[in-house]
Amino acid sequence: MAVEVMTVEVAEATAKGLVAIGAGLAVGLTGLATSIAQFSIGAAAVGATAENKDMFGLGLLFTVLPETIVIFGLVVALLLLF
Amino acid sequence: MISASQTGPASYIYAATRMRVRKSKLLAREDYIRLLNMGLPEITRFIEETEYKAEIDELAVSFSGIDLIEIGLSWNLANEYQRVLKILPGVMKTFARSYLSHWDIFNVLTILRGKSQGVKTGKIKEILIPAGTINVVTLDRLLAEDSPERIVENLSSWILHPVLEREFAAAQESGSYAGMENELYKAFYRYVLKQTVSGIKGGKPFREYLQLEIDLTNIKTVIRLYQGGVREDVRDLMIEGGNFSVDELVRLAGSESIEEIMEGVKKYYPSGPVANLMEVGGDGEFALHEMENALTQVMLDKMDRISKRYPFSICSTMVYLKRKRYEVANLRAIARGKESGLSGEQIQGYLVM
């Protein structure tokens, strides 16, 4: 039975892979969280704008607020990768 | 698949937001106080500057004075309800339509009564409020019919047609539609109660509200019967589905004093606004109409509370529909009261604010 020995190269490659997975999860999960937050705010914003056109700007602003979550995820991913 | 996607959470949020915006445009208590200090022309002008503008402008050519206000308000109510139904998606629309079908009962009975008393078609049409599930075209078709039998036949697709058909012969025989009206309203409440368990979001709290509405309607009936000295044959006047059983209501209606009725009600509502009202009512501090208005106010407050507790459910829509109905009723009461020369304080006693 052959014994697998982890060389430095293998360890480095594994670490890089794990970092990439971490970065992907950071962006992916925060993206999901943003979408969950945005769907309800978006629906309410569309409803409010349909009743009062002046609400468009404010509605849009509220809808994009959860984008900050995914931006945090992106920043973490970039910090992990570079 | 379509109906499932139409009634997802986003649809409820969208519809509830729109209804909340509309509700915020309804007249506030301060507006009513201002209106109470105005004369009829000023009231007309005030109404014209609000959400009722389109209808008042449209009808100003044909009507004037109190008729203009009254018909303008009715038209606005009907148009607004139809607009709300257009906004609502999927099961929300079905549910709202089922609740609005009480306007159908009003319209059908108005037509039947008008026709049997030989009132002119145009005059009947002025009174109709096409806010329910029977649209204007169908109502026009019904108005064109001369015999009540043909009117009933034409309503074969109406959800309450089986009840109408069953009760119609007896109503024709007795010459009064009152018994049939009672049966139709009972069937209406049974139908709406059934709809609350159809999977609609907010159905359970709305069912609780509906039970309160049935209870309070029954209490109003019991108090009216007591005040009118009626002690017999009251069973048929009570609506089933509330917290009170019909037997209990019949027993209450046979009470010897108003205090006994109030005590009977307090057994089911030992605390809260209903109990407080019964306390005050038992002391004889309220006139009948004031008591009725206070009970209506309790219903509306309950509706407001559940719509805040379940903001993204059908409750937000239902509270708007209810509030809008009472706004129209209040404006009508103010206009009619002013025309009859009543004072502001007297009219205020008839308002639900």
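How much area do chain B and chain A bury between them, and what share of it lies on carbon and sulfur atoms? In this predicted model, the two chains bury about 770 Å² between them. Carbon and sulfur atoms carry 71% of that area. The size of an interface is often given in this way, as the accessible area lost when the parts come together.

On the side of chain B, three residues lose the most area to chain A: I13(B), Y14(B) and R18(B). Together they account for 49% of what that side buries. In terms of contacts, 10 residues of chain B meet nine residues of chain A.

Charged pairs also span the interface. Three salt bridges are counted between chain B and chain A. R18(B) forms a salt bridge with E51(A). The closest N and O atoms of this pair are 2.7 Å apart. Helix α2 of chain B, residues 9–24, supplies the largest share of the side that touches chain A, with eight residues. By residue class, the side of chain B that touches chain A divides into six nonpolar, one polar and three charged residues.

Chain A also has a nonpolar patch on the surface. The patch is formed by V19(A), L74(A), V76(A), L78(A), L80(A), L81(A) and F82(A). Together these residues have about 660 Å² of accessible area. Helix α3 of chain A, residues 67–81, gives the most to the patch, with five residues. L80(A) is found in this helix.

Technical notes. Residues numbered from 1 in each chain as written. Chains lettered and ligands numbered in written order. Predicted model: local features only at pLDDT ≥ 70, side-chain atom pairs only at ≥ 80, totals over all residues. Heavy atoms only, no water. Contact = heavy atoms within 4.5 Å. Buried area = accessible area lost by both parts, 1.4 Å probe. Salt bridge = Lys/Arg side-chain N within 4 Å of Asp/Glu carboxyl O. Helix = DSSP H or I, 4+ residues; strand = E, 2+ residues; numbered from the N terminus. Nonpolar A, V, L, I, M, F, W, Y, C, P; charged D, E, K, R; others polar. Patch = residues over 30% accessible without salt bridge, like charges linked within 9 Å, V, L, I, M, F, W, Y side chains within 5 Å. Areas by Shrake-Rupley, 256 points an atom, 1.4 Å probe, with all protein chains shown as cover.
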